[in-house]
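Hello,

Here is the structure I promised to pass on, with the sequence alongside it. My notes on what turned up follow below, so please have the two open together.

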Amino acid sequence: MRNELFLLSILAMAASPAGATLGGSAESVVADQSNLHAKRAVVERRGYTVHEISRDDGTLIREYVTPAGKVFGVSWTGPTIPDLAQLLGPYNTEFQNTLRSKSARRKVAVVRNPDLVVESAGHSRAFHGRAYLNSMLPGGVTEDAVK
Amino acid sequence: MRLVRWRQSATAVLLMSLAACSAGSGSGRIGSGVTTTPPPAVNNVQPVVMDYGPIVNGQSVGVNNSLYTTVTICVPGTITCQSIDHVLVDTGSTGLRIPASLVMLSVPYLVDTGNNPIGNCVQYADTTYQWGPLVKVDVQMAGEVASAVPIQIISPTNFAAAPASCSAGGTPAQTVADLGANGILGVGLFRQDCGSACATSAPPAVYFSCPTTGCITASVPLASQLQNPVWMFPQDNNGLAIILPQVGAAGSVSLAGSMIFGIGTQSNNGLVGAQAQGADSGGDFTTTFNGIAHSGSFIDSGSSGYFFLDSSTTGLPDCAANSHANGFYCPASPVSFSAINSGPNPKGTGVPISINVAFSIANALPLIDSPSVVFNNIGGPNSGSFDWGIPFFLGRTVFVGIEGQASPAGTGPYWAY
């Protein structure tokens with residue numbers, strides 16, 4: 001039951017305009033990577049692709065892409081929280097609005113809306129989190145893929 | 001050197017008269033045959049409290065599971081000081097941060113080599129952030145004084161607005177009402193908020209150089225970064241212990257405890273039976289639950305509950321998404337758990353240290369709706385790891401071993417309990 005792993009490429013990209021990510025097209029991953037001044041590795045999994053973006057400061061961002069080229073999930077781990085407005089794109093507004101409507105102070109930020117799920121946890125120097133869209137999970141792929 | 005620095009502070013001299021009786025002192029030995037008498041032990045016991053919190057517009061903010069203390073800040077080297085109550089004690093961050101509206105001292109903003117003010121951004125897991133310049137103050141707690149400590153003034157009106165990389169995607173928590181506190185005292189495992197990462201490079205959204213034309217990300221030397229005041233004390237500076245009593249299953253409306261500075265430096269801060277487990281460079285360790293190891297776990301007095309794993313792993317139902325207990329677990333009746341925390345021995349030798357921890361999770365909704373604000377049994381989901389929040393501290397003595405500081409348990413960063 002091993003997943004097939006193919007390390008396709010490790011690239012270093014020049015700066016280019018930022019793009020949307022969660023829910024956006026795979027091209028936006030490249031834009032995101034370049035905006036983050038980072039290196040990228042692409043890993044093929046059964047039923048989806050993972051773009052791993054390693055930032056100089058040690059932050060690792062993963063973007064999960066459907067066979068149709070759409071970003072269905074993102075995750076992060078590292079010393080700082082990535083720019084969620086950039087990483088979640090238009091869904092960050094829904095995330096923040098849902099958080100604001102709760103007593104969300106000083107705990108793990110969890111939003112489980114019908115489609116959008118976001119979790120943000122950790123502490124100074126060590127953060128982690130993930131987000132995904134239920135409606136865009138590829139067939140046979142569960143939320144556990146996004147980690 | 002330390003003695004000289006100590007005596008330079010007039011306030012400190014005053015406080016020395018209040019110092020607890022000298023303990024574990026006697027004669028120290030320098031070189032061969034030369035003896036000197038160490039300074040009398042200072043009062044290292046700082047009261048802490050969990051209660052309804054600071055008052056805003058005539059009403060307590062009433063935030064659950066908040067640990068507070070009173071911090072005195074002074075213009076460096078003077079006795080011009082102010083005390084600020086209900087500052088949140090946070091072992092999950094580093095440095096003192098006070099809303100500008102509360103700061104009455106007149107102290108200049110710290111500038112970089114280009115003579116531009118330094119801006120600092122801190123972001124938290126709940127996606128709130130604080131932004132503002134740094135100033136140097138003397139920080140007093142109990143009888144301890146840290147001199148000329150860089151602290152953050154949160155969002156003064158005469159300072160640049162938060163850069164987009166700090167504010168984008170998050171929510172400001174810069175007022176007393178939004179903070180649920182009159183500031184944050186970060187007394188975690190580290191000496192500085194960012195450390196070498198910000199001294200050697202300029203990570204996004206931490207430090208900024210702020211000329212009038214606008215703030216840009218910048219690297220900042222270690223000494224100019226936000227500091228954990230405890231490691232800057234002349235003594236009792238290798239860590240601290242937080243001691244809180246236990247509460248019943250219904251919680252409590254208030255709780256008084258203490259924060260003791262130093263580890264094994266006086267008669268009142270020995271490890272006794274506590275075991276020490278090291279943390280990694282990010283402050284994390286491994287928690288094993290039902291035989292599965294979860295790296296990325298941590299202890300954090302600034303987290304309001306036990307946040308661990310998820311509903312399917314724990315069997316605990318999530319509270320309704322539309323309830324104000326959203327983000328917590330709401331089991332029909334309390335459920336007991338145990339887990340094992342492990343990390344390297346801070347002495348650098350031997351096998352990893354493993355410590356068994358038992359805890360219980362009750363239905364958060366009726367507890368949060370009750371008059372109580374101190375709970376040892378609320379928790380919520382945190383996929384893939386454990387966040388041992390303030391409930392972990394209740395009924396325990398928890399030692400915070402600061403990075404690079406030697407102690408009888410070894411060298412920090414470590415936790416001991």
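Predicted model: local features only at pLDDT ≥ 70, side-chain atom pairs only at ≥ 80, totals over all residues.

Residues are numbered from 1 along each chain as its sequence is written, chains are lettered from A and ligands numbered from 1 in the order in which they are written, and side-chain values use heavy atoms, with hydrogens and water left out.

**Disulfides**

Cys210(B) is joined to Cys215(B) by a disulfide, with an S to S distance of 2.2 Å (a disulfide is a pair of cysteine sulfur atoms within 2.5 Å). The torsion about the S-S bond of Cys210(B) and Cys215(B) is about 115°, so this disulfide is right-handed.

How many disulfides are there over all chains? The count comes to five. If the bonded cysteines of chain B are numbered in sequence order, they pair as 1-2, 3-4, 5-6, 7-8, 9-10.

Another of these bonds runs between Cys121(B) and Cys166(B), at 2.1 Å from S to S. This pair links distant parts of the chain: Cys121(B) sits in strand β9 (residues 118-123) of chain B and Cys166(B) in helix α3 (residues 164-167) of chain B, 45 residues apart. Helices (H or I, at least four residues) and strands (E, at least two) are DSSP runs, numbered from the N terminus. Both Cys121(B) and Cys166(B) are buried. Their S-S torsion is about 85°, so the disulfide is right-handed.

Cys319(B) and Cys330(B) also form a disulfide, 2.0 Å from S to S. Both cysteines lie in the loop between α6 (311-314) and β22 (335-343) of chain B, eleven residues apart. Cys319(B) and Cys330(B) are both buried, and a torsion of about 95° about their S-S bond makes the disulfide right-handed.

**Where the two chains meet**

Contact here means heavy atoms within 4.5 Å, and 53 residues of chain B are in contact with 33 residues of chain A. The area buried between chain B and chain A is about 3,200 Å², and carbon and sulfur atoms give 47% of it. Buried area is the accessible area (1.4 Å probe) that two parts lose on being put together, summed over both. On the side of chain B, Ala125(B), Asp126(B) and Gly169(B) lose the most area to chain A, together 17% of what that side buries.

A salt bridge is a side-chain nitrogen of Lys or Arg within 4 Å of a carboxyl oxygen of Asp or Glu.

β9, α4 (176-179), β20 (292-299) and β25 (382-388) of chain B each supply at least two residues of the side that touches chain A. β25(B) gives the most to that side, with four residues.

**Salt bridges within chain A**

Over all chains, the structure holds seven salt bridges. One of them brings together the side chains of Arg55(A) and Asp57(A), at 3.2 Å from N to O; both residues are buried.

Glu119(A) and Arg130(A) form another, with their closest N and O atoms 2.9 Å apart. Glu119(A) is in strand β7 (residues 116-123) of chain A and Arg130(A) in strand β8 (residues 126-133) of chain A, eleven residues apart. Glu119(A) is buried, with a relative accessible area of 8%, and Arg130(A) is buried at 8% relative accessibility.

The side chain of Arg130(A) also meets that of Glu143(A) in a salt bridge, 3.1 Å from N to O. Glu143(A) lies in the segment after β8 of chain A, so its pairing with Arg130(A) ties together parts that are 13 residues apart in sequence. At 24% relative accessibility, Glu143(A) counts as partly exposed. Salt bridges that share partners join Arg112(A), Glu119(A), Arg130(A) and Glu143(A) into one network.

Best wishes

Conventions. Buried < 20%, exposed > 50% of the residue type's maximum accessible area, 1.4 Å probe, protein only.
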